[in-house]
Amino acid sequence: MNPEPAERLADFDEFYAATAKRMVAVVFAVTGDLAEAEDAVQEAYARAWVRWPALTAEGDPTPWVRTVALRLAVSTWRKARNRMRAHFRHGPPPDAPDLAPDRVALVAALRGLGDDQRTAVVMHHLLDLPVEEIARETGVSPAAVRTRLSRGRKALGARLRDEPEPADPEPAACARRLTEEVPFHG
């Protein structure tokens, strides 16, 4: 019969507290990299937690955790070693080309848009999706997508020309009407 969740958690916590430092020391001795050892050991304990009832039913879970941690560390070490061998054999990877200034400006301008407008603009203009498909994928009406595209294009145009974004004309017009209609008496 499986122990209650609280009892199972306490049992695991006790095991972890009693064995984790030594486990890290063992894996560190093998890898020579403390961060790598800590990562491997943490992953091994996470995997042990998932199998905890079966591991404790078999007896002491320490050998299982140690084996998993060492295998994880060695696997990571092998990958790093193979990357180094490839680097020496083939040289460093070619430098990535610098981004063109206009592309950098576009990305910066896109970041300035709201999420909804940015999503609509990117899906329509970069992915070439029709308005109807964007509406389906984002869960809004085609009219809402067209509005987002229109506003997004306008904001992008202003940002890319380094102009201030046009303010909503309605509040300014309202304010003008109010000041014209109601004389100010100081």
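**Note on helices and salt bridges**

1. Glu43 counts as partly exposed, at 34% relative accessibility. Its salt-bridge partner is Arg47, with 2.9 Å from N to O. Arg47 is also partly exposed, with a relative accessible area of 34%. Both residues lie in helix H2 (residues 34-50). They sit 4 residues apart, about one turn of the helix. Note that this is a predicted model.

2. The structure holds 2 salt bridges. Besides the Glu43 pair, the side chains of Arg148 and Asp116 meet at 3.6 Å, N to O. Arg148 belongs to helix H8 and Asp116 to helix H6, so this pair ties together parts 32 residues apart in sequence. Arg148 is partly exposed at 21% relative accessibility. Asp116 is partly exposed at 45%.

3. How do H6 and H8 pack, and at what angle? Helix H6 (residues 115-126) and helix H8 (residues 142-160) pack at about 95°, with their axes 8 Å apart. H6 is therefore roughly perpendicular to H8. On the H6 side, the contact uses Asp116, Gln117, Ala120, Val121, His124 and His125. H8 contributes Val145, Arg148, Leu149, Arg151, Gly152, Arg153 and Leu156. The contact residues divide into 5 nonpolar, 4 polar and 4 charged. Asp116 and Arg148, the salt-bridge pair, are among them.

4. Helix H1 (residues 5-31) bends by about 45° at Thr19. Thr19 is one of the buried residues of H1. Gly32 follows H1, and its phi is positive, near 75°.

Definitions and conventions
Residues numbered from 1 in each chain as written. Predicted model: local features only at pLDDT ≥ 70, side-chain atom pairs only at ≥ 80, totals over all residues. Heavy atoms only, no water. Axes fitted to C-alpha atoms, helices over the stretch in contact; angles between N-to-C directions. Helix = DSSP H or I, 4+ residues; strand = E, 2+ residues; numbered from the N terminus. Parallel < 35°, antiparallel > 145°, perpendicular 65-115°, else oblique. Contact = heavy atoms within 4.5 Å. Nonpolar A, V, L, I, M, F, W, Y, C, P; charged D, E, K, R; others polar. Bend = angle between axes of the 7 residues up to and from the residue. Buried < 20%, exposed > 50% of the residue type's maximum accessible area, 1.4 Å probe, protein only. Salt bridge = Lys/Arg side-chain N within 4 Å of Asp/Glu carboxyl O.
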